[in-house]
Amino acid sequence: MAINIDRVYTTVLSILNKEQRGFVTPSQFNKVAGQAQLEILDKNFYEYNRFLNRRHNTGYANIPLKIKEKIDVFYKESSNISANSDAYSTGDIYDLPTDVYKIIDVKHNDNSIEQVNQSDFSYLNQSQLTKPSLDFPVYYIYESTGASANFDVAKTRVKVSPVLSNGITVCYIKTPALPNWHFVTTGGQYVFQASAAETQHFQLHPSDESGLIIRILSHCGLTLNDPQVIQAAQNEEMSNIQQENA
């Protein structure tokens, strides 16, 4: 499932032209499209959590299930990730996949590893009572600086304690591909290249199209330095939220 990027762009241009609010170039559109897509994905996480706290319905009225299906499109697993050399004796370090957006689970031999805060990691390892074991390993996430001799590239990593006998599996939500309205210029006009390899449609669920357009319009208001476009988009989004809560 996907949302056609050309339909979204032409809709945005049509609304801006109708209100005589200016023109957004394809390059400007592509810049704000990626941000808007991530905002919609984040909103789905929030909505999923919000509706879980409500009374559960079944069938077409099962809203949490519908939202979960939107997120599951981006679900991915990366298995047999090997450890890097570790400068410390308390555990192993693993590079996360480059497309990780949100970690769902980290597993070893099909068993989940508990996530802890980095500040708690050292305390746990200092006590024999709380020290992690192969039966109950723990991990924390951190951003490497690339300053170490062993790690010369800045990456997102996990540190696991204790040292494991083999690789880990990371279950996660991947970062959506950056949308790209690819074009050529002909006679001073932008011509969309639908079949070009560089063209990338939105990877969101089709039901998110209207919300996506509203968010892009809001960002376009910033690009055009037009507060009225921003306000109109925010008002429309607020109206949609009120309808959902009704």
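The model is predicted: local features need pLDDT of at least 70, side-chain atom pairs count only at pLDDT 80 or more, and totals for chains, interfaces and linings use all residues. Residues are numbered from 1 along each chain as its sequence is written, and side-chain values use heavy atoms, with hydrogens and water left out.

Helices and strands are DSSP runs numbered from the N terminus (helices H or I, at least four residues; strands E, at least two). Helix α2 spans residues 26-52 and helix α3 spans residues 63-72. Their axes come within 9 Å and cross at roughly 155°. Axes are lines fitted to C-alpha atoms, for helices over the stretch in contact, and angles run from 0 to 180 degrees between N-to-C directions. Angles under 35 degrees count as roughly parallel, over 145 as roughly antiparallel, 65 to 115 as roughly perpendicular and the rest as oblique. The α2 and α3 helices are therefore roughly antiparallel to each other. Contact means heavy atoms within 4.5 Å. From α2, N44, F45, E47, Y48, F51 and L52 meet I63, P64, I67, K68, K70 and I71 of α3.

Strand β3 covers residues 100-108 and includes H108. H108 has a relative accessible area of 7% and is buried. Buried means under 20% relative accessible area, exposed over 50%, and partly exposed in between (1.4 Å probe, protein chains only). Residues up to four places away in sequence aside, H108 touches I113, L164, S165, N166 and G167. The side chains of H108 and N166 are joined by a polar contact of 2.7 Å. A polar contact is a pair of N or O atoms within 3.5 Å; within protein, one must be able to donate a hydrogen and the other to accept it, and residues adjacent in sequence count only if both atoms are side-chain atoms.

N109 lies in the loop between β3 and β4 (111-112). D110 is found in that loop between β3 and β4 too. Most residues other than glycine have a negative phi, and most peptide bonds are trans. Phi of N109 is positive, near 55°. D110 also has a positive phi, about 70°. N109 is partly exposed at 47%, whereas D110 is exposed at 70%.

A cis peptide bond joins S161 and P162, with omega about 5°. P162 sits in the loop between β7 (156-161) and β8 (168-174).

C171 is buried at 2% relative accessibility. C220 is buried at 1%. The structure holds zero disulfides (pairs of cysteine sulfur atoms within 2.5 Å).
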